[in-house]
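Dear colleague,

Please find the structure below, handed over for your review.

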Amino acid sequence: CDEGLTRAPMTTTYTRAEVAKHASADDNWIIIDDTVYDVSKFARFHPGGRAFIDGVAGQDATKQFYSFHRQDVLRSMAAKYAIGTIADPPTGEK
């Protein structure tokens, strides 16, 4: 069900600072790899519990995501929550 999803063209880019502004249970964006996801509506359905997703709100959750999931989860489920890409590289990495 796509009800209430925030969607933007995948050509939309966000900075890490912009993503960090969406760091609450009601407005939860995360970064996985170089993609930004709005998981605000998904969090309550997350099999691992809402607290885990809320705990990474507004952050790069790549390491946490891959600790528990394979890439095919992104292709099969998370793609519908993708709202754009990240404009700036991770801090301390090139």
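**The salt bridge**

Arg 16 and Asp 60 form a salt bridge through their side chains, with 3.2 Å from N to O; the term requires a side-chain nitrogen of Lys or Arg within 4 Å of a carboxyl oxygen of Asp or Glu. This pair connects distant parts of the chain, 44 residues apart: Arg 16 belongs to helix α1, and Asp 60 to the loop between α2 (50-54) and α3 (62-68). A search of the whole structure returns 1 salt bridge. Arg 16 counts as buried because its relative accessibility is 14%, whereas Asp 60, at 26%, counts as partly exposed. Here buried means under 20% relative accessible area, exposed over 50%, and partly exposed in between, with a 1.4 Å probe and protein chains only. Side chains of opposite charge can pair when their charged atoms come close.

**Basis of the values**

This is a predicted model, in which local features need pLDDT of at least 70 and side-chain atom pairs count only at pLDDT 80 or more, while totals for chains, interfaces and linings use all residues. Residues are numbered from 1 along each chain as its sequence is written, and side-chain values use heavy atoms, with hydrogens and water left out.

**Overall fold**

The protein contains 4 helices and 4 strands, arranged along the sequence as β-α-β-β-α-α-α-β. These elements are DSSP runs numbered from the N terminus: helices are H or I with at least four residues, strands E with at least two. Helix α1, which holds Arg 16, covers residues 16-20.

Of the 94 residues in the protein, 35% are buried. The accessible surface comes to about 5800 Å², and carbon and sulfur atoms account for 55% of it; the areas come from the Shrake-Rupley method with a 1.4 Å probe, and for residues only the protein chains shown count as cover. Among contacts with a separation of 6 or more, 71% are between residues 24 or more positions apart, a contact being heavy atoms within 4.5 Å.

**The sheet**

The 4 strands make an open sheet of mixed pairing, in the order β1-β4-β3-β2. At its edges are β1 (13-14) and β2 (29-32), each of which pairs on one side only. Two strands are taken to pair if DSSP finds at least two bridges between them.

Strands β2 and β3 run antiparallel and are joined by 4 bridges, with Ile 30 opposite Tyr 37 in β3. Their hairpin has 2 residues between the strands, and Asp 33 adopts a positive phi near 60° there. On the other pairing, 3 bridges connect β3 (residues 35-38) to β4 (residues 82-86), again antiparallel. In this pairing Thr 35 faces Thr 85 and Val 36 faces Gly 84.

In a regular strand the side chains alternate between the two faces of the sheet. In β3, Thr 35 and Tyr 37 point one way and Val 36 and Asp 38 the other, and all are buried.

**Nonpolar cores**

The largest nonpolar core comprises 14 residues, and those with the most contacts inside it are Ile 30, Ile 32, Tyr 37, Val 39, Phe 42, Ile 53 and Leu 74. Apart from it lies another core, of 7 residues, including Val 19, Trp 29, Val 36 and Ile 86. A nonpolar core is a set of buried Ala, Val, Leu, Ile, Met, Phe, Trp, Tyr and Cys residues joined through side-chain atoms within 4.5 Å. Beyond its neighbours within four places in sequence, Val 39 is in contact with Asn 28, Ile 30 and Ile 53.

Yours sincerely
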